[in-house]
Every structure is written in structure tokens, then in C-alpha cells.
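Hi,

Here is the structure I promised to pass on.

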Amino acid sequence: MKKSLFFICCLAILSSKSVLGQAPKKIIVEHSDFADVNQAEMPDAFLLTGNVRVNHDGVVLTCNKAYYFQKENYIKAFGNVQLVQGDTLFLNSKYAEYSGNVKKAFATGEAFMSSPDATLATDTINFDRNSQEVYYNTKGTIVNKDNTLVSKSGKYYVTQKKFQFLTAVTITNPTYVIKSNHVDYFTNSGHSYLFGPSTITSKKNYIYTEKGFYDTKKNVGHFLRKSYIKYEDRLIEGDSLYYDRTKEFASATRNVKITDSVNRGIVKGHYAEMYKKQDSMFVTKGAVAVNFVENDSVYIHGKRLMVTGKEDNRIIRAFNNVRFFKTDMSGKCDSIHSSAKTAITKLIGNPVLWNGESQITGDVMHLIGNNTSQELDSLKVLNNTFLVSKDTLGTGYNQVKGQNLYGKFKEGKLHDVDIVKNAEVLYYMRNDANELIGINKNVSSKINLILEDNAVETITFFNQIDGDIYPDAELPENARKLRGLVWRGDERIKSKDDIFSEEDNELNDKMIKEGKKEDAKENVPMKIRKETLNYDKKKSPSSKKEVK
């Protein structure tokens with residue numbers, strides 16, 4: 001028996017009244033072209049067909065056909081179903097069910113949800129109005145401006161404008177792809193919070209993290225927990241990494257390690273900045289550069305290290321109390337400037353070099369390499385050159401001084417040395433039995449030394465001006481030191497650990513301790529940033545500065 005739509009609406013309105021506000025609000029039928037009650041087809045239900053429109057507490061549902069169970073306050077909708085909640089959520093599907101008592105909706109059949117910032121397409125969608133949560137357990141595709149998100153399941157928090165994925169999710173952007181098993185993605189800001197093993201892959205680099213944040217609009221990220229950035233030729237690791245994709249800039253804090261696979265080098269420290277476009281980096285707080293040369297490692301330490309330029313034109317600078325170590329050589333100076341193009345390493349400011357047991361000082365000191373063989377070729381020391389070593393058995397010092405020094409290396413060791421202009425020598429001469437023959441003290445225009453196993457093998461004098469070989473007893477103590485001798489043996493760097501000061505070691509121990517303490521903590525998702533929570537909030541008029 002057919003009943004009028006007016007009669008049905010009256011019943012719905014009357015039944016929607018609650019007692020003292022305790023009963024849930026009733027679903028109100030606002031329009032239907034036709035209405036019928038057919039107990040045979042659908043017992044205890046109103047059959048609504050044609051431009052059906054119902055309303056429940058602010059949510060409007062439209063469809064082609066619906067069964068309205070007034071007693072249960074429940075509706076089943078068919079064909080072109082759309083559920084609308086203000087301007088925050090639109091839910092479309094072929095079929096849907098909605099309960100006014102529990103305020104929950106179920107939609108299936110090409111289900112499609114849209115919000116002001118994103119759309120979701122999947123097979124089945126559930127919507128809980130009480131918690132303002134949308135969730136799905138079938139493969140879903142979300143489109144948010146330039147980002148497409150695909151996951152097996154997910155949840156959308158309407159109020160927060162946040163998607164949460166706890167199973168495999170892929171975020172595809174024209175520039176990169178994000179993959180993770182746990183992502184909180186905010187559709188208004190484009191902010192992504194990654195938790196657990198996660199990757200960001202692009203043509204330029206590959207990022208791994210187990211706890212991180214990435215702003216898909218500004219293309220900046222902050223990564224914690226086992227994070228690294230991998231380029232084709234470089235790997236950046238650190239306890240905390242910041243990355244700006246637009247500027248190709250990265251910074252790292254605590255336990256930083258930058259590995260150069262092409263040039264076989266490693267740079268470490270506890271703070272670093274790197275500009276990939278300029279191929280440059282800056283490292284401080286316990287900074288050390290390790291380069292592999294001639295099957296050996298060269299360690300360079302300074303308060304600050306800077307590396308700039310492409311491979312063939314690369315410059316390495318180290319500043320403030322620089323120390324370096326190689327198996328057969330070590331040294332100290334105020335700063336270092338090393339150029340790959342010229343293959344010259346300049347030791348600037350009070351340089352001292354130890355080659356084997358020999359100490360070399362001078363005003364200007366250059367180590368010169370061979371770009372073809374990639375080996376150390378020669379040494380140049382200008383002005384106030386002084387070469388000194390302890391006598392192997394006695395208490396005296398073997399000394400050579402002059403204006404300039406020019407030396408040649410053989411298999412990484414200083415082999416052939418010329419001291420030119422105002423050259424002076426004082427040398428303890430011993431026979432094969434290591435017995436002291438005498439003390440050679442001479443002045444000449446040039447002296448040549450041939451070194452074997454880091455010890456003087458032969459001495460040749462050119463244009464000798466004055467000098468003699470003195471018996472030990474005939475040369476007084478005050479005549480056994482050339483003017484300007486300063487023995488700095490107690491400063492000699494004998495291992496790679498000696499390049500660090502006590503202050504450096506204290507800082508390093510502190511940073512390592514903090515890193516281990518952080519690693520020992522339970523890994524929990526990153527706290528949501530204020531910039532994410534306040535993204536849509538506008539400044540109040542009172543917060544704006546008064547313009548006069």
C-alpha cells in the first residue's frame with residue numbers, strides 16, 4: 001500500500017524527538033520522488049526511490065534508491081550514493097549503509113572520498129562520525145596535489161586532515177618516491193611523518209630513515225634513527241640529518257660520517273654541511289678527513305674542514321691547530337690548503353713536519369704530489385729551513401739549516417734532500433759499529449742529503465766555506481747547537497689518535513655517549529610539529545603588528 005511522502009516525513013520528524021536528549025537523533029527524509037512500504041520485498045522498511053535525500057545531524061545522504069528502517073534508525077542506499085559532511089568530506093559509492101544510532105557509514109562499490117585537499121579511491125570505505133575517522137582495508141589510491149599515495153589499508157582523520165598508514169604505503173611525486181610501513185600524512189600541509197624502515201628515492205639520491213619528517217611541498221626533511229643520504233659518489237650518515245632538496249643542501253649532527261667512494265675518502269665529525277650542487281662540504285666538532293693514498297691512510301684534523309669544487313679542481317682546507325698523520329709522516333700547522341688541480345698541499349702558519357725521526361720546520365712548507373701516479377712527489381720548504389733529528393745513541397742532535405729545502409720522495413718516503421743558501425750542518429758521524437768518529441760541523445752554499453729508511457745515508461757539501469770534523473772531546477756543548485734549533489719531539493704525532501687534543505676527545509666521547517643513549521631508547525614515532533598542527537590557523541588581528 002502506497003503512502004504519501006508527506007506522511008512518511010511526518011513520521012520521521014515525530015520519531016526524531018528524543019526524551020530529555022537521551023535518544024539518538026533520527027534520520028530525516030527530506031525528499032524522495034516516490035515512497036512505498038513493501039513487507040514482502042523489505043519488511044519494516046520504507047522504500048524510497050528517485051532523487052532520495054536524507055539528513056542526519058548535519059550529514060546529507062543522496063542516492064537513487066534507499067531502504068529506510070525507521071525503527072532501527074538505519075538506511076541502505078543504492079546508486080549514485082553520496083554522503084556529504086559540510087565542506088570537509090564527500091563520500092561517493094554505488095552502495096552505502098548508514099546508522100543514525102551509532103553515526104557510522106559503510107560505502108562500497110567504486111568508493112570515492114574527497115576532502116578539500118585530497119581524494120581517496122578504493123573498494124570499501126568506513127566512516128565513523130563520532131571519532132571523525134575514515135578507514136579502509138582494501139587497496140586505496142589517494143591523490144593530494146602532486147602526490148599520489150597507494151596503500152593496502154589506511155585511516156583518515158577528518159579533523160586533523162591526516163592519513164595514517166600502518167601497512168605498506170608508497171607516495172609517488174614527480175621527483176621522488178617514498179616507501180614505508182608507517183606514515184602519517186597531512187593533506188593540507190603535505191607533511192609526512194615516517195616511522196620504521198622508510199626510503200625516499202629520486203634520480204639524484206636515496207634516503208633511508210627509521211624515524212623522519214618530510215615536507216612534500218617545501219621539499220625539506222629531518223631524519224633520525226639510522227638515517228643516511230646516498231648519492232652516486234657520496235654517502236652521508238649522522239644521528240640527525242636535515243635535507244633541502246631544492247637547494248641540494250644537507251646537514252648532519254652527531255656521529256657524522258661522509259664517505260666519498262670515488263676519491264676513496266672519509267670525513268668525520270659531529271656537525272657537517274654539504275652543498276651538492278657546489279660539490280662542497282663543511283665539517284666541524286672533531287672534524288677529521290681520511291684519504292687513502294699509496295696504500296696508506298692520511299688523517300687530517302682541524303677545528304674546521306672545508307672541501308670545495310669538483311673532483312679535478314677540489315680544494316681541501318683545514319683551519320685552527322691542524323694536525324695530520326701518515327705512517328711515515330706527520331705534522332702540525334695553523335691551517336692547510338690542498339689543491340687537487342695543482343697537487344700542492346700548503347702547510348700554513350708555524351708548520352712542522354716529522355718524516356721518520358727527522359723534524360723539519362720553516363716559514364713556508366709545500367707537499368707536492370703527482371697527479372698521474374697519485375703519489376707524493378716532493379717537498380719544498382722556504383725561509384728559515386731547519387732539519388733536525390736526535391743522534392741515534394747519544395744525547396746530541398743532527399742538524400741541517402739553510403734558507404730553502406727541496407726534497408724528493410721515493411715510495412712515499414723522503415729520499416733526496418737539498419738545503420740551499422747559507423747551509424749549515426752539525427752531524428754526529430758513526431762507523432758501522434755505531435762508534436762515534438767525530439762531529440761534522442760545516443758551512444757551505446748547498447748541502448745534499450740521501451736518506452735511507454728515514455736515516456741519513458750520505459752528506460754532500462757544495463762550495464764548502466768553512467768547517468771541520470771535531471773529535472767528541474774537542475767540541476764544547478755550547479757549540480753543538482746551531483742557532484735557531486728548537487726540538488719539538490714531545491709534540492710529535494705518532495699515531496692517528498694523536499691528532500686529537502684532550503678537548504677533542506672529551507667532545508667525541510660525549511657525542512658517542514649521547515648517541516648510544518639515544519639508540520637505547522625505544523623507537524617511537526616523531527612528535528608532530530607545531531608547524532603541522534597550526535598549518536591552517538590564521539594569525540589573529542591582535543597578533544599582527546600595528547602599521548602606522
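Predicted model: local features only at pLDDT ≥ 70, side-chain atom pairs only at ≥ 80, totals over all residues.

Helix α2 (502-520) is the top contributor to the lining of the second largest pocket, giving six residues. (Helices here are DSSP runs of H or I with at least four residues, strands are runs of E with at least two, and both are numbered from the N terminus.) A pocket is found on a 1 Å grid over the protein atoms alone, as an open set of points with protein on both sides within 12 Å along at least five of seven lines; a cavity is a set where a 1.4 Å probe fits but cannot get out, and lining residues have an atom within 4 Å of a point.

Residues are numbered from 1 along each chain as its sequence is written, and side-chain values use heavy atoms, with hydrogens and water left out.

Back to that pocket. Its volume is about 780 Å³, volume being the space filled by probe spheres set on grid points that are joined across faces, edges and corners. There are 36 lining residues, and Arg254, Asn255, Val256, Gly269 and His270 lie nearest the centre. Besides α2, the elements that supply at least two residues each include β21 (249-260) and β22 (265-275). By class, the lining has 16 charged, 11 polar and nine nonpolar residues. (Nonpolar is Ala, Val, Leu, Ile, Met, Phe, Trp, Tyr, Cys and Pro; charged is Asp, Glu, Lys and Arg; the others, Gly among them, are polar.)

The largest pocket holds about 1200 Å³. Of its 41 lining residues, Asn291, Val293, Ile316, Ser338 and Gln374 are the closest to its centre.

The largest cavity has a volume of about 70 Å³, and β33 (375-390), β34, β35 (413-430) and β37 each put at least two residues into its lining. That lining has eight nonpolar and four polar residues, with no charged ones. The second largest cavity comes to about 50 Å³; β3 (46-56), β4 (59-69) and β5 (74-85) each supply at least two of its lining residues. Its lining has eight nonpolar, two polar and no charged residues.

On to the rings. I get 14 aromatic pairs, taking rings of Phe, Tyr and Trp (its six-membered ring) with centres within 6.5 Å, and calling planes under 30 degrees apart stacked, over 60 edge-to-face and the rest tilted. Tyr397 and Trp487 make a tilted pair, 5.5 Å centre to centre with 50 degrees between the planes. Tyr397 sits in strand β34 (residues 397-410) and Trp487 in the loop between β37 (455-470) and α2, so the pair ties together parts 90 residues apart in sequence. Tyr397 is buried at 16% relative accessible area, whereas Trp487 is partly exposed at 27% (buried is under 20%, exposed over 50%, partly exposed in between, with a 1.4 Å probe and protein chains only).

Two arginines also lie over ring faces: Arg529 over Phe213, at 4.0 Å from the ring centre, and Arg304 over Phe319, at 4.9 Å. The rule is NZ of Lys or CZ of Arg within 6 Å of the ring centre and within 35 degrees of the ring normal.

Cheers
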